[in-house]
Amino acid sequence: MAPIPHRPEEPQDDPDAYVGLEAPSAERRARERGWSTVRTLPPGAIITMEYRFGRLNFEVEEGRVKRAWKG
């Protein structure tokens, strides 16, 4: 039987710390802190709800992060 793959740990980072930051600097900071994927979305965007390990999502309005969440 093959071993179960082990995922590396997700960054120990609080998504709420990105709220209010300008989108480009928030994305740069997220990548520096180890997020493999950073997704920027407009308010009300229709998205799939699958959880992606290592992804950080930003809802951006008027150039600033309004909301941030994992997955």
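Reader: Which residues does W35 touch, if I leave out those up to four places away in sequence?
Author: Leaving those out, W35 touches E10, P11, D13, Y18, A30, G54, R55, L56 and K70 in this model, which is a predicted one.

Reader: And where does W35 sit in the chain?
Author: W35 belongs to the loop that runs between α1, residues 23–32, and β1.

Reader: Is W35 buried or exposed there?
Author: W35 is buried, because its relative accessibility is 3%, and the cut-off for being buried is under 20%.

Reader: Which side chain has a polar contact with the one of W35?
Author: The side chain of D13 does, and the polar contact that joins it to the side chain of W35 is 3.0 Å.

Reader: You listed E10 as well, so what does E10 touch?
Author: Apart from its neighbours within four places in sequence, E10 is in contact with W35, Y51, F53, G54 and K70. With the side chain of Y51, the side chain of E10 makes a polar contact of 2.9 Å.

Reader: Where is E10 placed, and is it buried or exposed?
Author: E10 is found in the segment before α1, and it counts as buried because its relative accessible area is 13%.

Reader: How far apart are G54 and W35, in sequence and in space?
Author: In sequence G54 and W35 are 19 residues apart, while in space their C-alpha atoms are 5.3 Å apart. For W35 and M49 the separation is 14 residues in sequence and 18 Å in space, again from C-alpha to C-alpha.

Reader: What about pockets, how much space lies in the largest one?
Author: The largest pocket holds about 170 Å³ of space. Its lining is made up of 17 residues, and those nearest the centre of the pocket are R39, I47, M49, R67 and W69.

Reader: Which strands supply that lining, and what kinds of residues are in it?
Author: At least two lining residues come from each of β1 (37–41), β2 (55–61) and β3 (64–70). By kind, the lining of the largest pocket has seven nonpolar, four polar and six charged residues.

Reader: One last thing, what is the phi of E62?
Author: Phi of E62 is near 55 degrees, which is a positive value in a residue other than glycine. E62 lies in the loop between β2 and β3, and E62 is exposed, because its relative accessible area is 80%, where exposed requires over 50%.

Note on methods: Residues are numbered from 1 along each chain as its sequence is written. This is a predicted model: local features need pLDDT of at least 70, side-chain atom pairs count only at pLDDT 80 or more; totals for chains, interfaces and linings use all residues. Side-chain values use heavy atoms; hydrogens and water are left out. On a 1 Å grid over the protein atoms alone, a cavity is a set of points where a 1.4 Å probe fits but cannot get out, and a pocket is an open set with protein on both sides within 12 Å along at least five of seven lines; lining residues have an atom within 4 Å of a point. Grid points are joined across faces, edges and corners, and a volume is the space filled by probe spheres set on the points. Helices (H or I, at least four residues) and strands (E, at least two) are DSSP runs, numbered from the N terminus. Ala, Val, Leu, Ile, Met, Phe, Trp, Tyr, Cys and Pro count as nonpolar, Asp, Glu, Lys and Arg as charged, and the others, Gly among them, as polar. Buried means under 20% relative accessible area, exposed over 50%, partly exposed in between (1.4 Å probe, protein chains only). Contact means heavy atoms within 4.5 Å. A polar contact is a pair of N or O atoms within 3.5 Å; within protein, one must be able to donate a hydrogen and the other to accept it, and residues adjacent in sequence count only if both atoms are side-chain atoms.
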